[in-house]
Amino acid sequence: MITVKACSFREQGQRSPREQTARSLKEQLGVALAVMGRASTVLQHAPDLVDPVIAGAMGLNEAYTVAQENKSKANSAEVQLGRLRDEDPQLAQRVVEGDLTLTGAWAEHTERIEEDKRQRRVATKLLDELVPPLAQSRGTRAFSRYDPAFASGTPITREIIAHAMTALTEMDQVWQERDLP
């Protein structure tokens, strides 16, 4: 651990860590590659554990386990943020800006998806209840027999018919855009 830490500090002013390979360090210092790899992982992903390992208060294997967990969490957070960028760029931007935690953003994203599903269910049920009976009345004399005195709800006016025709035109356009039958 001391060797890897020292090499890390020494390398900052000279070659990049990529240029200083583990194999060349092993040859120069006589430290096993596996040990150097573990120490390097601790240095990168659990730097707060370097001094306890050097002091003997914690074993390298134990620190390495913590470092691996930290690395997994970091990778996992990066992956989650990447997915969030794909699915909801605005929420991802709020996370990057620090206005929202990643967990909070995913909760909000999930909430939005559920609300969208709920709204789609409601809209589908409404259209399923309205459009087929209207279509069934086509070609019948039902329209000529309409009597506002028997209306159970809001009486049908020419304005309502015009709005219904506009709605059906809009519905037809959406069906064409979505290539629905």
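Reply: Happy to! Glu 115 and Arg 118 share helix α7, 3 residues apart, about one turn of the helix; helices (H or I, at least four residues) and strands (E, at least two) are DSSP runs numbered from the N terminus. This is a predicted model, where local features need pLDDT of at least 70, side-chain atom pairs count only at pLDDT 80 or more, and totals for chains, interfaces and linings use all residues. Residues are numbered from 1 along each chain as its sequence is written, and side-chain values use heavy atoms, leaving out hydrogens and water.

Me: How far apart are the closest N and O atoms of Glu 115 and Arg 118?

Reply: Side chains of opposite charge can pair when their charged atoms come close. A salt bridge here is a side-chain nitrogen of Lys or Arg within 4 Å of a carboxyl oxygen of Asp or Glu. Glu 115 and Arg 118 form one, with their closest N and O atoms apart by 2.7 Å.

Me: Is Arg 118 buried, partly exposed or exposed?

Reply: Buried means under 20% relative accessible area, exposed over 50%, and partly exposed in between (1.4 Å probe, protein chains only). The relative accessible area of Arg 118 is 41%, so Arg 118 is partly exposed.

Me: Which residue forms a salt bridge with Lys 117?

Reply: Lys 117 has a relative accessible area of 33% and is partly exposed. With the closest N and O atoms 3.6 Å apart, the partner is Glu 114.

Me: How many salt bridges does the structure hold?

Reply: Asp 88, Arg 94, Glu 108 and Arg 112 are linked in a network of them. The total for the structure is 7.
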